[in-house]
Amino acid sequence: MAEAAVSEPANEWMSSSPPSYEQSMQFLQENCAPVSCSTRIEVSTNPSVSRSVSREPPPPPLPGPAYYRQKVFSVRSSSCNTRGGYNCVPKETVDIWDKLFEGGYQADVRIFTEDGGVVPAHSNVLSVASPVLKHLLKQQKGKSCPHSFSITGVPYNAACVFIRFLYSSRYEQADMQKFCLHLLVLSHVFSVPSLKLVCTQNLEHGSLTTDNVIDVLQLARLCDASRLNLLCMRLIVKNFKTVAKSEGWKVMQQSDPKLEQELVESVVEADSRKQDKLRKIEEKKIYLQLYDAMEALVHICRDGCRTIGPHDKDLDETMGPCNFPACKGLESLVRHFAGCKTRVPGGCVHCKRMWQLLELHSRMCCEPDTCKVPLCRHFKEKVQQQSKKDEVKWKVLVSKVQAAKKAVNSFSSFLVT
């Protein structure tokens with residue numbers, strides 16, 4: 001009934017002639033319920049309720065990793081302080097900048113090279129990419145367009161690679177291999193640190209050889225490329241004999257003798273450091289051997305080994321191999337010391353070595369009263385009669401032996417953990 005009451009006037013209103021404004025408002029008031037301004041739309045957090053109420057289609061899936069590998073490359077923004085993170089630059093955007101450079105559309109700058117080439121460019125791009133070019137173009141402000149300047153000392157193709165890098169940060173690997181040194185100079189002259197970094201990495205990973213290292217070293221110092229300078233110095237020190245035979249070395253001897261002297265001194269210093277390192281390694285081995293001998297001496301005199309030991313111990317020749325590596329060598333030395341007829345300090349080399357081992361043990365022993373090593377207490381008492389010079393020598397020796405063993409133990413514990 002209600003539906004008929006509503007539909008009847010509606011049909012009558014639709015079939016009649018166009019109503020006036022008053023008739024339209026009257027029809028709305030009679031058939032439409034007023035809407036309160038305080039009406040709220042509630043959305044349930046229950047997933048089942050939300051799915052039954054909402055008819056919105058599910059969102060499309062996110063692009064996969066393949067899309068980003070093909071379409072987008074990410075560059076870490078390390079120089080941007082206000083907006084950190086990653087800047088995603090689509091490949092199409094970089095292509096546009098490449099096309100802008102190659103086409104030269106509405107270029108307002110012409111760059112001349114000394115071999116007669118002309119490179120068209122845009123002043124806005126050059127000013128943003130290089131502060132030096134910005135200052136150079138600012139000086140020409142007010143003059144008739146197009147602006148122009150010259151780049152001397154590099155060929156036309158190298159200048160094209162440089163200007164293209166200012167547009168899109170792109171380059172061909174073949175061009176980088178061919179014009180790397182030219183681009184290094186241009187990156188320094190026009191203050192483009194990103195290009196300088198690319199040139200340094202290219203030289204580091206293959207282009208730097210013993211034939212061109214002298215030229216690259218001189219260029220690195222002129223261009224303030226500290227890392228490249230360090231790489232060149234390392235290569236020269238490592239392959240000095242080969243580098244000294246190169247043409248670059250011969251030219252450098254005539255043009256820059258101070259650099260030659262500096263390089264020779266660096267080689268001598270590196271060689272001396274190497275010798276000192278080898279000497280310290282050998283000393284450390286000796287200190288470790290002395291510590292092993294001390295442990296083996298205590299083992300023989302206190303516990304006994306298979307064929308040698310204290311008189312109150314029963315030896316077992318069938319026992320397994322000894323865990324002390326210095327035990328075998330020390331056993332022969334002890335047997336010689338026990339049967340040697342000379343046994344005068346300085347008269348027998350082997351006996352003198354045994355006396356030194358016994359004295360070293362007494363200085364490292366913390367229990368002289370209960371120690372079973374022969375002459376341990378005797379050397380403890382003898383210490384008071386030695387000169388200060390000898391006392392200092394023995395203290396240094398004991399400290400180095402203990403330090404060498406402690407270093408080995410700490411390294412072993414580090415590997416275990």
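Residues are numbered from 1 along each chain as its sequence is written. Because the model is predicted, local features require pLDDT of at least 70 and side-chain atom pairs are counted only at pLDDT 80 or more, whereas totals for chains, interfaces and linings use all residues; side-chain values use heavy atoms, with hydrogens and water left out.

The secondary structure of the protein chain comprises 19 helices and five strands, these elements being DSSP runs numbered from the N terminus (helices, H or I, at least four residues; strands, E, at least two). Of the 417 residues of the chain, 29% are counted as buried; with a 1.4 Å probe and protein chains only, buried denotes under 20% relative accessible area, exposed over 50%, and partly exposed the range in between. Among contacts in the chain with a separation of 6 or more, 52% are made by residues 24 or more positions apart, a contact being defined by heavy atoms within 4.5 Å.

Three strands form an open sheet in the order β4-β3-β5, with mixed pairing. Its edge strands, β4 (118-121) and β5 (147-151), each pair on one side only. From one strand to the next, the twist averages 25 degrees. Helix α8 (residues 156-168) packs on the sheet and touches β3 and β4, its direction making about 10 degrees with that of β4. For these angles, axes are lines fitted to C-alpha atoms, for helices over the stretch in contact, and values run from 0 to 180 degrees between N-to-C directions.

Strands of a sheet pair through backbone hydrogen bonds, in either a parallel or an antiparallel sense. Here, two strands are taken to pair if DSSP finds at least two bridges between them. Strand β3 (residues 109-113) runs parallel to β5, and five bridges join the two. Within this pairing, Ile-111 has Phe-149 of β5 as its bridge partner, and Thr-113 is partnered by Ile-151. The pairing of β3 with β4 is antiparallel and extends over four bridges; here Val-109 is partnered by Ala-121 of β4. A hairpin is formed by β3 and β4, with four residues between them, and Gly-116 in the turn has a positive phi of about 95 degrees. The covered face of β3 carries Val-109, Ile-111 and Thr-113, while Arg-110 and Phe-112 are on the uncovered face.

The second largest pocket has a volume of about 310 Å³. On a 1 Å grid over the protein atoms alone, a pocket is an open set of points where a 1.4 Å probe fits, with protein on both sides within 12 Å along at least five of seven lines, and lining residues have an atom within 4 Å of a point. Grid points are joined across faces, edges and corners, and the volume is the space filled by probe spheres set on the points. Of the 13 lining residues, Met-294, Glu-295, Val-298, Arg-302 and His-361 are the closest to the pocket centre. Helices α15 (257-303) and α17 (349-364) are the elements that give two or more residues to this lining, and α15 gives the most, with five. The lining contains eight nonpolar, two polar and three charged residues, where Ala, Val, Leu, Ile, Met, Phe, Trp, Tyr, Cys and Pro count as nonpolar, Asp, Glu, Lys and Arg as charged, and the others, Gly among them, as polar.

Arg-302 is also one of the contacts of Lys-313, together with Asp-303, when neighbours within four places in sequence are left aside. Lys-313 lies in the loop between α15 and α16 (327-339) and is partly exposed, at 37% relative accessibility. Its C-alpha is 9.8 Å from that of Cys-301, a residue 12 positions apart in sequence.

Ser-187 lies in helix α9 (residues 173-189) and is buried, with a relative accessible area of 1%. Leaving aside neighbours within four places in sequence, Ser-187 is in contact with Phe-162, Val-192, Leu-195 and Lys-196.

Most residues other than glycine have a negative phi. Ser-169, in the loop between α8 and α9, has a positive phi near 60 degrees. Asp-224 likewise has a positive phi, of about 60 degrees, although it is not a glycine. Asp-224 is placed in the loop between α11 (213-222) and α12 (226-238) and is exposed, with a relative accessible area of 59%.
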